[in-house]
Amino acid sequence: MSAPEPPVLTPLVPESPCLTARQAAAYLHLNEKKLYELANSGEVPAARVGGKWLFPRRLLDEWLLEQAHGGVFTDRLLIAGGDDALLAAAVRQLAAELGAEAFVAYSPTATLPGLEQLARRRADLSVVHWGDVGHSTSLHATLLRAHPGHARWTLVRIGQREQGVLLRPGLGMDQLDTLAAFDVRWAMREPGSGAAHFLASSLKARGLRADDCSVVATVHGEREAAALLVRDAADCTPGTRATASEFGLDFLPLGWEALDLALPKEIYFRHLFQRLLVRLGSAEIRELAQQLGGYDLTTLGRVLDPS
């Protein structure tokens, strides 16, 4: 009598981290048509791969929790986008005030990368500054509309600030044409930076280009750029009057820009965001704005319609 053949074992397949549209609809107890509507509007976390929608299981769980009674992440506030001295000071003060009660963090990533992080739900707020103050409302709205889910976003104004070029003390040049034409060492900001965009627009108005400048470094963040000038590793960099004052640098003014916060509408009502606005309007922050110069906070807290 021959021995029985051993059973055929089917190898275990690890559970996929992504769900198909049919699986996700069943998981969320929705019909597929409604799920596609949510995916196309960016209201539910999803990615289009090879013409098909995929739904990350972990992000769906987070999204579900976020919909319930204000979400489970109301004890954190993560800020990305443009760099600003006043906002950084307000976040430090708020974090010290909160202690272990909540987590508030600010990681400047430049305007365009910050909006991408907001769209991917990696950040709760993103600092936006793009172009001159006169066209800021339409320019900022255009930037937001480039991202899925923008219909549920809003803009809250921090104020206006003076943008220009930070100069190493003793450089002896105070004209943009001269800085671009001569062999002056520029520390340029990363792609997607509002400061780099403002400089490029100013150069274009004078018939010049950023390529005309002698670039020795590309840096991430205004403080990193200012530090290069302090160490005599560069001569100039685009930035704000506030940062020039903070680091003891000379400043060439180019114009004023609007400073806004882009955020999902539901974040606006979180107590942490409201406490941040209160901190930005505090006597300490307003005094700091006066000391640094180049700020106008009269519009602080104004809600703008980006649609």
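Me: Is Arg279 buried or exposed?

Reply: Arg279 is buried, at a relative accessible area of 17%. Buried denotes under 20% relative accessible area, exposed over 50%, and partly exposed the range in between, with a 1.4 Å probe and protein chains only. The model is predicted: local features need pLDDT of at least 70, side-chain atom pairs count only at pLDDT 80 or more, and totals for chains, interfaces and linings use all residues. Residues are numbered from 1 along each chain as its sequence is written, and side-chain values use heavy atoms, with hydrogens and water left out.

Me: With which residue does Arg279 form a salt bridge?

Reply: Side chains of opposite charge can pair when their charged atoms come close. A salt bridge here is a side-chain nitrogen of Lys or Arg within 4 Å of a carboxyl oxygen of Asp or Glu. Arg279 forms one with Glu97, and their closest N and O atoms are 2.5 Å apart. Because Arg279 belongs to helix H12 (residues 271-280) and Glu97 to helix H4 (residues 85-98), the pair ties together parts 182 residues apart in sequence. Helices (H or I, at least four residues) and strands (E, at least two) are DSSP runs, numbered from the N terminus. Glu97 is partly exposed, at 41% relative accessibility.

Me: Which residues are linked with Arg279 in a network of salt bridges?

Reply: The network links Glu97, Glu101, Arg275, Arg279 and Glu284. Within it, Glu101 forms a salt bridge with Arg275, the closest N and O atoms being 3.4 Å apart. Glu101 lies in the loop between H4 and strand E5 (103-106) and Arg275 in helix H12, so this pair joins parts 174 residues apart in sequence. The whole structure holds 24 salt bridges.

Me: In which sense do strands E8 and E9 pair?

Reply: Strands of a sheet pair through backbone hydrogen bonds, either parallel or antiparallel. Two strands count as paired if DSSP finds at least two bridges between them. E8 and strand E9 (residues 214-219) pair in the parallel sense over 5 bridges. The bridge partner of Met188 in E9 is Thr218. Of the 5 residues of strand E8 (residues 185-189), 4 are buried, so E8 is largely enclosed by the rest of the structure.

Me: What is the order of the strands in the open sheet of 3 strands?

Reply: The order is E1-E3-E2, with antiparallel pairing. Strand E1 (18-19) and strand E2 (47-49) stand at the edges with a single partner strand each, so one side of each has no neighbour in the sheet. E1 pairs with strand E3 (residues 52-56) over 2 bridges, and Leu19 stands opposite Phe55 in E3.
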